Amino acid sequence: MQDEERLCISSCSDWMSGMPSRFWNTPLWNLAIPGSHDTMTYCLDQQSPVLKSESKVVQVLDTLFPCIVRPCIIKWATTQEDSISKQLDLGIRFLDLRIAHKIEDPNKVFYFAHGIYSLLTVKEALTDVAHWLDQHTKEVVIIALSAFDGMDLEQHRDLIQFLISTFNNKICPNHVTPSLQECWNHSYQVILSYDDSAASGHKELWPQCEYWWANTSDPNRVISYLEERKEKGRPDKFFAAGLNLTEDARYILSHPCQSLQSMTLSSYSLLLNWVKHQCPGSGKTCFNIICADFVGAFSSKFSQLVIGLNQTLLKET
């Protein structure tokens with residue numbers, strides 16, 4: 001194998017631009033791409049009330065004991081520590097954004113949410129992403145927007161207009177088969193997945209990106225779940241496999257000294273060892289996007305591991 005065909009990424013912040021030429025015409029949904037689960041939870045607002053979509057019990061407890069409930073939610077709802085720009089620097093190319101509008105807020109301001117609302121607004125965070133892309137012109141980011149808590153059709157229209165105006169010519173239309181070469185030829189840098197029917201008719205918006213989620217605190221069960229899904233076959237286009245662990249009320253009550261971070265990091269080596277044995281591609285059991293919590297916990301180890309899986313594609317050619 002010639003030197004220029006080896007997958008040797010020196011910088012995670014620009015790993016797509018450094019890919020060997022044999023990858024340039026491969027559809028992005030056939031590459032291994034690192035992603036962050038619940039990207040914006042590093043900036044949850046402890047002064048924020050819980051979401052109206054939370055259970056009535058949690059809402060009542062939040063009203064009575066906010067000084068207890070909100071710190072607990074933050075401890076178990078925070079899935080990332082690094083800013084969105086730092087995550088991009090670490091090589092993350094799939095952003096999982098859960099959008100919300102504060103029901104009693106008359107302003108056209110959108111936030112992120114996971115149990116409670118974020119401090120940063122959608123405008124602030126995505127403007128940062130647009131500026132980052134201006135500095136990394138050959139990188140392509142998949143942005144998956146979902147949840148849309150407390151939003152009506154008019155607010156969806158406002159959000160969609162903001163997305164289109166912010167990313168403008170960087171947006172890859174949904175009729176294109178996006179490869180690195182195709183994106184570079186047209187200066188496309190953003191693929192917008194919008195998980196709501198309000199996206200219908202907008203060529204700038206892609207449909208929901210399927211996310212495989214095990215919904216368990218047991219890392220072995222996460223692995224078993226992903227193996228079961230893998231055997232059933234992958235979707236034709238973009239999809240994400242989540243390594244994220246999920247606690248329930250029983251787990252929280254029985255582990256009062258833990259947090260989502262401590263629970264996750266104690267299982268990281270097991271989960272990453274499973275990742276080492278996966279491969280990207282168009283085959284039935286191949287993976288595409290792999291998401292994790294605390295993606296910067298061990299510098300860029302997670303991103304480097306996922307990006308490195310693309311080496312298997314070189315061996316096939």
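This is a predicted model: local features need pLDDT of at least 70, side-chain atom pairs count only at pLDDT 80 or more; totals for chains, interfaces and linings use all residues.
## Strand β6

A residue counts as buried when its relative accessible area is under 20%. Because five of the five residues in β6 (residues 190-194) are buried, the strand is largely enclosed by the rest of the structure.

What does β6 pair with? Strand β5 (residues 141-149) runs parallel to β6 and is joined to it by five bridges. Within this pairing, Val141 stands opposite Val190 of β6. Strand β7 (residues 205-206) also runs parallel to β6, joined by two bridges. Here Ser193 faces Trp206 of β7 as its opposite residue.

## Strand β10

Strand β10 (residues 289-292) is covered on both faces. Ile289 and Cys291 are on one side. Ile290 and Ala292 are on the other. All four names belong to buried residues.

Strand β1 (residues 33-36) pairs with β10 in the parallel sense, over four bridges. Ile33 stands opposite Ile289 of β10. Strand β9 (residues 239-242) runs parallel to β10 too, with three bridges joining them. Ala241 has Ile290 of β10 as its bridge partner.

## Helices α10 and α11

How do α10 and α11 pack? Helix α10 (residues 268-275) meets helix α11 (residues 301-308) at an angle of about 15°, and their axes are 10 Å apart. Angles under 35 degrees count as roughly parallel, so α10 and α11 are roughly parallel to each other. Their crossing is left-handed.

On the α10 side, Tyr268, Leu272 and Val275 make the contact. On the α11 side, Lys301, Phe302, Leu305 and Val306 make it. By class, the contact of α10 with α11 has six nonpolar residues, one charged residue and no polar ones.

## Leu126 in helix α4

Is Leu126 buried or exposed? Leu126 belongs to helix α4 (residues 122-135). Its relative accessibility is 0%, so Leu126 counts as buried.

Leaving aside residues up to four places away in sequence, Leu126 touches Leu97, Ile143, Phe162, Leu163, Thr166 and Phe167. One of these, Ile143, falls within the residue range of β5 (residues 141-149). Leu271 is 145 residues from Leu126 in sequence, and their C-alpha atoms are 30 Å apart in space.

Conventions. Residues are numbered from 1 along each chain as its sequence is written. Side-chain values use heavy atoms; hydrogens and water are left out. Buried means under 20% relative accessible area, exposed over 50%, partly exposed in between (1.4 Å probe, protein chains only). Contact means heavy atoms within 4.5 Å. Axes are lines fitted to C-alpha atoms, for helices over the stretch in contact, and angles run from 0 to 180 degrees between N-to-C directions. Angles under 35 degrees count as roughly parallel, over 145 as roughly antiparallel, 65 to 115 as roughly perpendicular and the rest as oblique. A crossing is left-handed if the near helix is turned anticlockwise from the far one by less than a right angle, and right-handed if clockwise. Ala, Val, Leu, Ile, Met, Phe, Trp, Tyr, Cys and Pro count as nonpolar, Asp, Glu, Lys and Arg as charged, and the others, Gly among them, as polar. Two strands pair if DSSP finds at least two bridges between them.
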